[in-house]
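Please keep the sequence and the model in view while reading.

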Amino acid sequence: MCTVCGCGDSTVEGHDHAHDHSHPHDHNHDHGHHHHPDASDLHFGHGPAGVEVAGMSQERLVQIETDILAKNDRYADANRRTLAGLGAFAINLVSSPGSGKTTLLCKTIEALGDHPLAVIEGDQQTANDADRIRATGAQAVQVNTGKGCHLDGHMVGHAMEHLSLGEGGFLFIENVGNLVCPAGFDLGEDCKVAILSVTEGEDKPLKYPDMFTASRLALLNKVDLAPHCDVDLDLYEANLRRVNPAIEVIRVSARTGEGMGNWLNWLNGALTRKAGRAAAE
């Protein structure tokens, strides 16, 4: 079990699949800046490891994290080779809970029509989201992480064994709802796409910069709600680019369909560019 966030065993579609996640994640635990009249703000997670664990030195924490991430990267590289052999494009969808990730994914699958694709669903418990994906006609594998707060390369590789992904298809990996831990774990994907709901607050990218720095694209979702939430969409984009000047941003609404054409064009363009690079090698 993770000494910081309690990551535990995972299950892939009913198959017990234990993982030893005894690793500290790169968490900056900003505990809300506890304001007291005579006290300074409290900051946790300083030091080379970016985290503090009682009884463990910073050097030991760094070594543990390095070992865990190196092992994960080996699994991720194997996944990447498999996907390259298929000419498939893998998208790691990351967000906080409630961003509308699954609804947006269902609408995306429907819009892609007969294009070959498959989905890996990551949640701590239940197969609810995988069932929603299967209702669109797409194949999906559910990965339940138990106490785990993210998917890793080993889980994704195991899930891929249960999927039949056609040549030149899309693999959508819907990660566990969490804006911290998934930022640091390579799954073998071609890119991370962060989904950010307009209801979450314009400062969300500033609070969780690692995730948005690691993402190539941000989908600003539920824009149809913006007039009712007193939010500034331009400020959302400005804050995204403060933490990642290169990030692309598309405003979408899964409910009304606004921006979905731009999102689909982005997907198809990314797949075409990958195929072009592979042909040139």
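Asp 234, Glu 237, Arg 241 and Arg 251 are linked in a network of salt bridges, a salt bridge being a side-chain nitrogen of Lys or Arg within 4 Å of a carboxyl oxygen of Asp or Glu. The structure holds 13 salt bridges. The model is a predicted one, in which local features need pLDDT of at least 70 and side-chain atom pairs count only at pLDDT 80 or more, whereas totals for chains, interfaces and linings use all residues. Residues are numbered from 1 along each chain as its sequence is written, and side-chain values use heavy atoms, with hydrogens and water left out.

**Salt-bridge pairs**

| Arg 80 | Asp 77 | 2.9 Å |

Arg 80 and Asp 77 both belong to helix H1 (residues 58–86), where they are 3 residues apart, about one turn of the helix; helices (H or I, at least four residues) and strands (E, at least two) are DSSP runs, numbered from the N terminus. Arg 132 and Asp 129 are likewise 3 residues apart, in helix H3 (residues 128–134), and are therefore separated by about one helical turn. An α-helix has 3.6 residues a turn, so residues three or four places apart point the same way.

How accessible are these partners, on a scale where buried means under 20% relative accessible area, exposed over 50%, and partly exposed in between (1.4 Å probe, protein chains only)? Lys 207 is exposed at 54%, while Asp 203, at 33%, counts as partly exposed.

**Helix H9**

Helix H9 (residues 260–280) has 21 residues, which should span 30 Å at 1.5 Å a residue, and its end C-alpha atoms are 30 Å apart, in agreement; the expected span is 1.5 Å times one less than the number of residues. The buried residues of H9 include Met 260, Trp 263, Trp 266, Gly 269 and Lys 274. What do the buried residues of H9 pack against? Their partners are helix H2 (101–112) and the strands E3 (89–95), E6 (170–174), E7 (191–197), E8 (217–221) and E9 (248–251), with contact meaning heavy atoms within 4.5 Å.
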